[in-house]
Every structure is written in structure tokens, then in C-alpha cells.
Amino acid sequence: MSATIKDIARAAGVSRGTVDRVINGRGGVKPEVEQRIKQLIVEMDYKPNRAGKVLAGLKKPMKIGCMLPAIDNPFYSDVICGFKQAEWELHDFGVSLEFAQVKGFDPAEHIRAIKELAEKNVSALCVSTVDVPEVQETLNNFIEKGIPVVSVNSDVSNTNRLCYVGCNYTESGRAAAGLLALIQNEPLEALIITGSLKMQGHNQRIDGFIQALKDRNIRFHVADVVESMDDDGTAYTRTRDALEKHKQVNCVYITAAGVAGACCAVKELGQENKPTVLTFDDVPATRELVLENVIAATICQEPFKQGYESVKILYDYFVNGTKPKKAHYFTDTVIKIRENIEPHPPRRGNFQ
């Protein structure tokens, strides 16, 4: 083991404070004593305690509040794993996480959860939330009070957040359109099942999808757009009703959660009338439906990395005092089909 400050002080016959002044260049030490301490530092292989230096620089432990609409939405389990992996790696540097989870997209519930985190004296916030004026105002109020915010998985406009970490939703929507053009013959009669029209990312997946179809000069018509609220029961009922109303639908584009419920309605049509189904993300229910050939392809977005990088960015911001170099940190778009999807992917992280 390398020597400690105490070992150096004992060998030099001085106090630990004197050694600390030499190590950190604060002066006030006689030249001959300083030279002797520097010589002992080399001879005794002293290595500074990086965790201690960082904690001293931070002045106090860093608690990050993480707010997610994760209740009954399995997608967020990997985002949480990423958060916790970063927390595990940075624990010795005083970093801890505080979680608040909500169900669905009610702005009042999101604001309540964000305020509850702030009341726990968090140093910063990581949020995945709805993009509406009242939430934007809430976040800006906390930012003005010195609580930096990183938006995770879905961005929030009109705020002074540090940066966004997540999927490039417009590009993933364009990728979905390209896939559909390869799979399904024209003309396309599309039913779009989205999570919430209050979520920026869900809207961008729709916009990117439609714009790419237009760019390719593909004949298409959007029969309907319905919200699943990321809930399987709601997704089933609304998809079933839409398919009964629009019997000409030949493709179903699901931009968010509620996949199991929507696909249950699709399966009730029978194999002959089965439309092409495209989804997003690699969660257990989606994986099973890909393997069953109910879903043609699912487009994934590295949720573990989203959680992990968000915490690391905030840590670097507090330690170095500099803002992130980019406003958007996009994770990769990964297309999975039956031939390359893992039946049981390994659990991410070593924090457990």
C-alpha cells in the first residue's frame, strides 16, 4: 500500500497540516522542510486520495434527484439501472440518488414529484417529463435557484436545462418509416399508437415517421392517432376500437409503451388480416412478440446509457464547474428483429 499523509508527516517530523500544505501548494513551509517532504512523497510512493480531494472540492455530498414516469412502464428499468451503476461508481465521491416515480403523463403529478425531490435538498435533477408550459416553468424556477437539470429520455423545451441525454426521436421515427417501406407494400394505411401527445419524444417519433414517408414519395394515409398513456389496458381498448373503425389499416406504428395491450388487439384480428407492427425498445413483452412474429421490428435506444451518462454529466459539472459541451447527447438507434434479439438479455450493472 502507498503511504498516507500521516506516514509522510511522521517520517518528516512535522504535522499532517504541514504535509497537506506542501501537497496542495499553499505555501507557509520552510524551503528545506518542503524539499524534505517532497523527497519523502517520492520515496514512500504517496498517492493522493482522489475521493477526498473531490469531496473537499464539492464541500458537501452531491444528491441527485431522478424523476421518471416509470410506474408500470418496464422501459425505465434499464434507465434506472444506468442511474444506479453511475451512483455505485461515484459513491466514494459523495454522490447519491433520490428517486421519484409517477404513473402516466399528468403534469400536476410530474410537478408534485419534482417538487418533492427538491424539498429533499437535492443538488441537481434528472427528469423525464412532459413538455408543457407549467412543467417548463417549474423546472426553470429550480434552475434559477441553483439546481441544474438534465432532461433524460425525453427533452423539455423552453428551459435552461444543462443538456438532454437520450434518443434522437426524429431520426428513430425516420428509421421506422424506412423499415416499413421495405416491409409493407403501398399504399400504407397506418394506425399510430403513441404514449402521450404531451411528451416531446413521442411527438418527434410521429413527425419523423411522417416526414420520411413524404420524402420517399410513399403513398400513405394516417387512419388515426390514439394515446395509450403507456398503459397496456388503455392501449388494448383504444387499439381495438381504432382497428374496428378503420378496417383498412395495414400497419400499426407504436411509438411508446402499451405494446403488449396494442398487440393483443392486433392478434384478435387473426393472421389473415394482421397488419405490419413496428415498435420501440427492448422490454420483455416486446421481445416475446418479436420472437412470435407479431412485431416485425423494434427500434431501441440504449436506455442504460441514458441513465448512466446523465449522472456522470452532472457529476462532471459539479466537479469541474463547466457546462456540458453539447446541448444534446444522443444515444444510438439499434434495430432488432427476430434474428438478432436476445430472448433473455443479461442484467446491466454491478451495483446490486
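Which residue forms a salt bridge with Glu89, and how far apart are the closest N and O atoms? I began with this pair and found that Glu89 bridges to Lys312, with 3.5 Å between the closest N and O atoms; I took a salt bridge to be a side-chain nitrogen of Lys or Arg within 4 Å of a carboxyl oxygen of Asp or Glu.

I note that this is a predicted model, in which local features need pLDDT of at least 70 and side-chain atom pairs count only at pLDDT 80 or more, while totals for chains, interfaces and linings use all residues. Residues are numbered from 1 along each chain as its sequence is written, and side-chain values use heavy atoms, with hydrogens and water left out.

**Entry: salt bridges**

I looked up where the two partners sit, and the pair links distant parts of the chain, with Glu89 in helix H5 and Lys312 in helix H13 (residues 303–320), 223 residues apart. Helices (H or I, at least four residues) and strands (E, at least two) are DSSP runs, numbered from the N terminus. Glu89 has a relative accessible area of 31% and is partly exposed, where buried means under 20%, exposed over 50% and partly exposed in between, with a 1.4 Å probe and protein chains only.

A search of the whole structure gave me 15 salt bridges. One of them joins Lys103 to Asp231, with the closest N and O atoms 3.3 Å apart. Here too the pair links distant parts of the chain, 128 residues apart: Lys103 lies in the loop between strand E2 (95–101) and H6, and Asp231 in the loop between strand E7 (220–227) and helix H10 (232–245). I recorded Lys103 as partly exposed at 40% and Asp231 as partly exposed at 23%.

I then turned to Arg112 and Glu116, whose side chains meet in a salt bridge at 2.8 Å, N to O; both lie in helix H6, 4 residues apart, about one turn of the helix. Relative accessibility is 32% for Arg112 and 37% for Glu116, and I also found that salt bridges with shared partners join Asp72, Lys103 and Asp231 into one network.

**Entry: helix pairs**

For H6 (residues 107–118) and H7 (residues 133–144), I found that the axes come within 9 Å and cross at roughly 10 degrees; the axes are lines fitted to C-alpha atoms over the stretch in contact, and angles run from 0 to 180 degrees between N-to-C directions. H6 and H7 are therefore roughly parallel to each other, as angles under 35 degrees count as roughly parallel, over 145 as roughly antiparallel, 65 to 115 as roughly perpendicular and the rest as oblique. Pro107, Ile111, Ile114, Lys115 and Ala118 of H6 meet Glu134, Val135, Thr138, Leu139 and Phe142 of H7, contact meaning heavy atoms within 4.5 Å.

I compared this with H1 (residues 5–12) and H2 (residues 16–23), whose axes come within 8 Å and cross at roughly 110 degrees, so that H1 and H2 are roughly perpendicular. On the H1 side I listed Ile5, Lys6, Ile8 and Ala9, and on the H2 side Arg16, Val19, Asp20 and Ile23.
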